[in-house]
Amino acid sequence: MSFKTLLAYQKGFDLAMEIFQLSKEFPKSEMFGLTSQIVRSSRSVCSNIAEGYRKRQYEKHFKSKLSDADSENSEKQLWLDFALACEYISGEKRQELQYKSEEIGKLINYMMKNPNKFGL
């Protein structure tokens with residue numbers, strides 16, 4: 001099995017790509033600020049899931065990387081709050097992205113609480 005088959009990874013990747021496309025509409029003045037931060041944190045969710053999965057034979061490492069993924073997921077929500085406050089995204093879009101992010105968080109937490117279901 002590959003990390004790419006994990007639902008948390010798939011949903012995280014899809015959301016990261018959606019945020020990337022959305023961030024292309026942010027002002028150029030945000031390129032090294034909000035844009036880079038929101039894209040980086042959304043991509044980090046996936047990279048931490050992938051890293052953790054490859055080290056899944058070590059339960060503590062697996063959980064640690066998933067915890068990092070969960071933290072990056074929360075950080076992404078913060079940057080979405082800034083995007084809303086700066087009026088770069090609508091309240092409806094913010095709510096949609098928040099819902100997707102929360103769903104990913106639930107999947108990550110399930111993995112942390114049930115490591116034995118992931119090859120440990």
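Colleague: How far apart should the ends of α3, residues 59-85, be at 1.5 Å a residue?
Modeller: Helix α3 has 27 residues and should therefore span 39 Å, which agrees with its end C-alpha atoms lying 39 Å apart. The expected span is 1.5 Å times one less than the number of residues. Helices here are DSSP runs (H or I, at least four residues), numbered from the N terminus.

Colleague: What kind of model is this, and how are residues numbered?
Modeller: This is a predicted model, in which local features need pLDDT of at least 70 and side-chain atom pairs count only at pLDDT 80 or more, while totals for chains, interfaces and linings use all residues. Residues are numbered from 1 along each chain as its sequence is written, and side-chain values use heavy atoms, leaving out hydrogens and water.

Colleague: Which residues of α3 are buried?
Modeller: Among them are Phe 62, Leu 66, Ala 69, Trp 79, Leu 80 and Ala 83, and the buried set also includes Lys 65, Glu 72 and Lys 76. Buried means under 20% relative accessible area, exposed over 50%, and partly exposed in between (1.4 Å probe, protein chains only).

Colleague: And what do they pack against?
Modeller: The buried residues of α3 pack against α1 (7-23), α2 (31-54) and α4 (91-113). Contact means heavy atoms within 4.5 Å.

Colleague: At what angle do α2 and α3 pack?
Modeller: The angle is about 160°, and the axes are 8 Å apart. That makes α2 roughly antiparallel to α3. By class, this contact of α2 with α3 has 12 nonpolar, seven polar and seven charged residues. Axes are lines fitted to C-alpha atoms, for helices over the stretch in contact, with angles from 0 to 180 degrees between N-to-C directions. Angles under 35 degrees count as roughly parallel, over 145 as roughly antiparallel, 65 to 115 as roughly perpendicular and the rest as oblique. As for the classes, Ala, Val, Leu, Ile, Met, Phe, Trp, Tyr, Cys and Pro count as nonpolar, Asp, Glu, Lys and Arg as charged, and the others, Gly among them, as polar.

Colleague: Is Glu 87 buried or exposed?
Modeller: Glu 87 is exposed, at a relative accessible area of 71%.

Colleague: How many residues does α4 have?
Modeller: Helix α4 has 23 residues and reaches 32 Å from its first C-alpha to its last, close to the 33 Å expected. Its buried residues include Arg 94, Leu 97, Ile 104, Gly 105 and Met 112, and the buried residues of α4 pack against α1, α2 and α3.

Colleague: How do the axes of α3 and α4 cross?
Modeller: They cross at roughly 170° and come within 10 Å. That makes α3 roughly antiparallel to α4. The residues of this contact of α3 with α4 divide into 10 nonpolar, eight polar and six charged.

Colleague: What is Ser 101 in contact with?
Modeller: Ser 101 is found in helix α4 and counts as buried at 0% relative accessibility. Leaving aside its neighbours within four places in sequence, Ser 101 is in contact with Leu 15, Asn 73, Lys 76 and Gln 77.

Colleague: Finally, how far apart are the axes of α1 and α4?
Modeller: The axes of α1 and α4 are 9 Å apart, at an angle of about 155°. That makes α1 roughly antiparallel to α4.

Note on methods
Helix = DSSP H or I, 4+ residues; strand = E, 2+ residues; numbered from the N terminus.
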